[in-house]
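Here are my notes on the model, as numbered points. Please read them with the structure open.

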Amino acid sequence: MENLVMLRESVHYFLHLVFPVFIAKVFFKANWRNAYFIMLATMLVDLDHLFANPIFDPDRNSIGFHPMHSYPMIALYFLGCVFLHGKYRIIAVGLFFHMVTDFQDYFLWKKLLNIY
């Protein structure tokens with residue numbers, strides 16, 4: 001059980017911190033380093049967790065709970081991936097992938113594997 005928790009956390013932080021390098025190198029080849037750092041900066045979206053009580057709850061699904069993690073916002077992030085250009089598209093990709101990461105963290109690990 002403890003190993004699964006460590007694996008879950010490792011996958012979560014890998015997807016937030018390391019996988020964006022691959023996204024940047026594949027989709028933003030010419031300026032991948034800049035794209036990577038912009039996508040890292042989109043993790044500031046988690047500041048909306050400060051409005052929750054408690055701020056962090058490992059049993060809470062952030063998708064649909066926090067304001068910037070709401071379904072309407074996720075739809076805007078997706079639309080930004082499709083319709084925006086330049087740095088705005090990079091921001092949208094970073095935000096959308098952040099939501100995908102949070103989604104998998106809850107639904108894959110909590111629901112499918114029932115580890116808690």
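What radius of gyration would a compact globule with 116 residues have, and what does the protein have?

1. Overall size. The model is predicted. For 116 residues, a compact globule would have a radius of gyration near 13 Å; the protein has 15 Å, which agrees. The C-alpha trace spans about 45 × 30 × 20 Å along its principal axes.

2. Fold content. The protein has five helices and zero strands. From the N terminus, the order is α-α-α-α-α.

3. Surface and burial. The accessible surface comes to about 7400 Å². Carbon and sulfur atoms account for 71% of this surface. Buried residues make up 39% of the 116 residues. Take the contacts between residues at least 6 apart in sequence: 54% of them join residues at least 24 apart.

4. Helix α1. This helix covers residues 2–17, 16 residues in total. From first C-alpha to last, α1 reaches 22 Å, close to the 22 Å expected at 1.5 Å a residue. Val5, Arg8, His12, Leu15 and His16 are buried there. Down the axis of α1, the buried residues fall within an arc of 105°, so they line one face of the helix. Glu2 and Asn3 are exposed on the other side.

5. Helix α3. In this helix, residues 32–41, the buried positions are Ala35, Tyr36, Ile38 and Met39. Their arc, seen down the axis of α3, is within 165°, so they too line one face of the helix. Arg33 and Phe37 are exposed, on the face turned away from the buried side. Note Phe37 when inspecting that face.

6. The largest nonpolar core. This core has 13 residues. Ile23, Ala24, Phe28, Ala35, Met39, Ile90 and Val93 touch the most other members. Helices α2 (19–27), α3 and α5 (86–112) each supply at least two residues of the core. Ala35 is in contact with Ala24, Phe28 and Ile90, leaving aside neighbours within four places in sequence. Another core, of six residues, lies apart from the largest one; Ile63, Ile74, Tyr77 and Met99 are among its members. As a general rule, nonpolar side chains in soluble globular proteins tend to be buried together.

7. Is Thr101 buried or exposed? Its relative accessibility is 1%, under the 20% cut-off, so Thr101 counts as buried. Thr101 lies in helix α5. Leaving aside neighbours within four places in sequence, Thr101 is in contact with His12, Leu15 and His16. His16 lies in helix α1. At 6% relative accessibility, His16 counts as buried because that value is also under 20%. Not counting residues up to four places away in sequence, His16 touches Leu40, Met43, His98, Thr101 and Asp102.

8. A cis peptide bond. Which two residues does a cis peptide bond join? The residues are Asn53 and Pro54, with omega about 0°. Pro54 sits in the loop between α3 and α4 (71–83). In general, most peptide bonds are trans. Please look at the Asn53 and Pro54 bond in the model.

How values were computed:
Residues are numbered from 1 along each chain as its sequence is written. This is a predicted model: local features need pLDDT of at least 70, side-chain atom pairs count only at pLDDT 80 or more; totals for chains, interfaces and linings use all residues. Side-chain values use heavy atoms; hydrogens and water are left out. Helices (H or I, at least four residues) and strands (E, at least two) are DSSP runs, numbered from the N terminus. The expected span of a helix is 1.5 Å times one less than its number of residues. Buried means under 20% relative accessible area, exposed over 50%, partly exposed in between (1.4 Å probe, protein chains only). The arc is that of the directions from the helix axis to the C-beta atoms. The radius of gyration is taken over C-alpha atoms; the globule rule is 2.2 Å times the number of residues to the power 0.38. Contact means heavy atoms within 4.5 Å. Accessible areas come from the Shrake-Rupley method with a 1.4 Å probe; for residues, only the protein chains shown count as cover. A nonpolar core is a set of buried Ala, Val, Leu, Ile, Met, Phe, Trp, Tyr and Cys residues joined through side-chain atoms within 4.5 Å.
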